[in-house]
Amino acid sequence: MTERAFHLTFFAIAVVGLALGLFAPFGGWRVDAHLIWSVATVPVILALAYSIVRDFLIGRMGVDAIALVSMTAAIVMGQPLAGVVVAIMYTGGNILEDYARGKAERDLKSLRDRTPRVAHKWLGDVLTDISVDEVQAGDQLLVRAGELLPVDGYLADPHASIDESAVTGEPLPVTRAQGELLRSGTVNAGEASGCMPPHPQAKAPMPALSGWSRPRRPRKRPSSASPIASRCSCCRPR
């Protein structure tokens, strides 16, 4: 059973226990509501105690001990309703954390899956497709309409319109001038422009597309698409 399944199980136990305890007086049950709430809280206490001991043995210590003390004290002091409420809050928080972690992992996987793997390199007047890993400093590359920029570099054209929403969150395209650093994962959203010579002061360590120079390694940060093409050239890395 996965950790997420454990969290869901204990959350369900606590919620069901709370509901049964609240319903018991009206259902004519002989079982005391306090006993039901205590029984629903104890499994969460035991699971939390095990988790705290396990984390402590590997050198980690969190604030979960507060929840453990709260639930235990509530049971000992004859306030199991408070204990089961804390159990619901604790297990519910774990479920939300699992959801947030899973969503972040899915988003990162989506970004990796969208990473450009091919660059369009000019060899004289011939345009050739090469692997992004093969881009070298000084290469002249073409970024077509709406393509992602798989590597960092400096703009070689006089200007370009770049959609940086995936990197900066800025919803509108921004205009970059010649020599400005453009980030991988952004999108060429401007009009087609010609290839310019490498910028003499470009010293980034990744190869460039449509006007960027290559820094040390291609960085893989994707983004949304848009409609234009522009040439670029790489400059000498640092």
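Guide: What follows covers the salt bridges and the exposure of their partners. This is a predicted model, in which local features need pLDDT of at least 70, side-chain atom pairs count only at pLDDT 80 or more, and totals for chains, interfaces and linings use all residues. Residues are numbered from 1 along each chain as its sequence is written, and side-chain values use heavy atoms, with hydrogens and water left out.

A search of the whole structure finds 5 salt bridges (a side-chain nitrogen of Lys or Arg within 4 Å of a carboxyl oxygen of Asp or Glu). Side chains of opposite charge can pair when their charged atoms come close.

One of the bridges joins Glu 164 to Arg 176, at 2.9 Å from N to O. Glu 164 sits in the loop between strand 5 (159-163) and helix 5 (165-168), and Arg 176 in strand 6 (residues 174-177), so the pair ties together parts 12 residues apart in sequence. Helices (H or I, at least four residues) and strands (E, at least two) are DSSP runs, numbered from the N terminus. Glu 164 is buried at 9% relative accessibility, while Arg 176, at 22%, is partly exposed. Buried means under 20% relative accessible area, exposed over 50%, and partly exposed in between (1.4 Å probe, protein chains only).

Within helix 4, Arg 101 and Glu 97 are 4 residues apart, about one helical turn. Their closest N and O atoms are 3.1 Å apart. Arg 101 is partly exposed at 38%, and Glu 97 is partly exposed at 45%.

Arg 54, Asp 55 and Arg 60 form a network of salt bridges. Asp 55 is buried at 17%, whereas Arg 54 is partly exposed at 39%.
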